[in-house]
Amino acid sequence: MEVFEHSVSGVLVILVMIVLGYILAERGWFDQKSSKLIARIVTQISLPCYMMATITNRFTAQELAKMLPDLRFPVISMLILMAFAFAIVQLFRIKDSHAGLFSSMFFNSNTVFVGLPINQALFGSASVPYVLIYYMANTTIFWTLGTYLIQRDGTVEVKMSWKKTLSKIFSPPLLGFLIGVVFVLLKIKLPVFINSDLSYVGSLTIPLSMIFIGISVSHAGLRNIAFRKDNILVLLGRFFFAPLLMMILVIPSNMPLLMKQVFILQSAMPVMTNAPVVASLYGADADYAAVMVTETTLISLVMVPLLMMVTQSL
């Protein structure tokens with residue numbers, strides 16, 4: 001019961017900030033431009049600072065070297081889920097205009113805007129490096145395989161640009177993580193004032209991320225939520241098949257218990273907020289993607305306490 005109360009408390013901390021963003025958006029404080037600005041501040045400024053400060057302050061070279069090989073677990077999990085999604089598309093006859101988008105949403109998680117704040121609230125800053133390990137795998141697969149699948153649904157012919165794809169993969173958050181790793185490996189100590197600045201700016205990440213999610217829910221519209229066949233199958237993928245598969249993969253391993261817990265929670269996070277953006281770019285069904293972001297985000301707040309109880313029994 002104590003674990004359940006702790007997880008509910010952590011979710012409520014997150015929910016209050018989401019509700020704040022939602023209410024302010026409903027009252028007209030934010031438009032599409034301001035929403036994009038918040039996302040840009042998080043992904044290009046505060047989150048890279050947050051990652052650098054966390055890695056350089058909390059980890060040694062030996063700990064990082066031991067941790068990085070476990071990147072294989074989220075990669076293997078997402079590839080298996082992708083194959084499973086292809087089978088579901090055929091078995092349940094998902095319409096062609098949704099097949100690629102459905103598959104991408106089935107196996108990719110929102111590891112930063114929702115995953116990072118939830119893990120921080122539940123496990124504290126010790127969980128952040130494990131969140132980042134999962135993020136490395138998730139962002140690489142989304143901007144390659146995930147984007148390709150969404151593109152197949154679209155009506156707009158867009159040439160695949162490896163330069164753009166690599167720029168998405170090696171985004172500021174990932175670069176912040178990698179720079180932090182290099183500094184730790186080379187035993188470079190940052191000046192105290194720079195370390196403080198990184199921490200202050202990085203602390204913007206979680207509240208701004210949650211406000212952004214609230215704005216996104218408002219823009220998608222709660223009235224558009226529906227539980228059709230496609231929607232229910234994505235929900236099953238995100239909140240049942242993904243965490244179950246991750247449990248099967250990590251429980252027998254000798255990784256730290258906290259890493260197992262973080263990986264399981266990260267696997268069960270909502271649909272990526274980038275999915276509607278990419279769908280719109282390629283002429284796919286962006287409205288469907290936006291609805292799924294909203295549905296999975298709201299349901300994740302209910303599922304997290306349940307998953308937290310499961311992970312505590314490992």
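Aspartate 31 caps the N-terminal end of helix α2, with a side-chain oxygen 3.1 Å from the backbone nitrogen of lysine 33. This is a polar contact (a pair of N or O atoms within 3.5 Å; within protein, one must be able to donate a hydrogen and the other to accept it, and residues adjacent in sequence count only if both atoms are side-chain atoms). The model is predicted, so local features need pLDDT of at least 70 and side-chain atom pairs count only at pLDDT 80 or more, while totals for chains, interfaces and linings use all residues. Residues are numbered from 1 along each chain as its sequence is written, and side-chain values use heavy atoms, with hydrogens and water left out.

Helix α2 covers residues 32–58, which is 27 residues. From first C-alpha to last, α2 reaches 37 Å, close to the 39 Å expected at 1.5 Å a residue. The expected span is 1.5 Å times one less than the number of residues. α2 bends by about 40 degrees at serine 46. The bend is the angle between axes fitted to the seven residues ending at a residue and the seven starting there. A proline, proline 48, follows within four residues.

The chain as a whole has 15 helices and 0 strands. Both are DSSP runs numbered from the N terminus (helices: H or I, at least four residues; strands: E, at least two). The C-alpha atoms fill a box of roughly 55 × 45 × 45 Å along the principal axes.

Buried residues make up 54% of the 314 residues. Buried means under 20% relative accessible area, exposed over 50%, and partly exposed in between (1.4 Å probe, protein chains only). Of the contacts with a separation of 6 or more, 87% join residues 24 or more positions apart. A contact means heavy atoms within 4.5 Å.

Valine 304 has a relative accessible area of 1%. Valine 304 touches Val11, Ile118, Leu122, Leu265 and Met269, not counting residues up to four places away in sequence. Methionine 269 is 35 residues from valine 304 along the chain, yet their C-alpha atoms are separated by 8.7 Å. Threonine 297, also in α15, is buried at 1% relative accessibility. The side chain of threonine 297 reaches the backbone oxygen of valine 293 at 2.6 Å. Beyond four places in sequence, threonine 297 touches Ile213 and Pro270.

Asparagine 231 sits in helix α12 (residues 229–250). Asparagine 231 is buried, at 2% relative accessible area. Its contacts, again leaving out residues up to four places away, are Ala226, Tyr288, Val291, Met292 and Glu295. Asparagine 231 and threonine 296 are 65 residues apart in sequence and 9.3 Å apart in space, C-alpha to C-alpha.

Loops supply two further cases. Arginine 93 lies between α4 (72–91) and α5 (96–107). Arginine 93 is not a glycine, yet has a positive phi of about 55 degrees. Arginine 93 is exposed, at 72% relative accessibility. Lysine 187 lies in the loop between α9 (172–185) and α10 (192–202). Phi of lysine 187 is positive, near 55 degrees. Lysine 187 is exposed too, with a relative accessible area of 67%.
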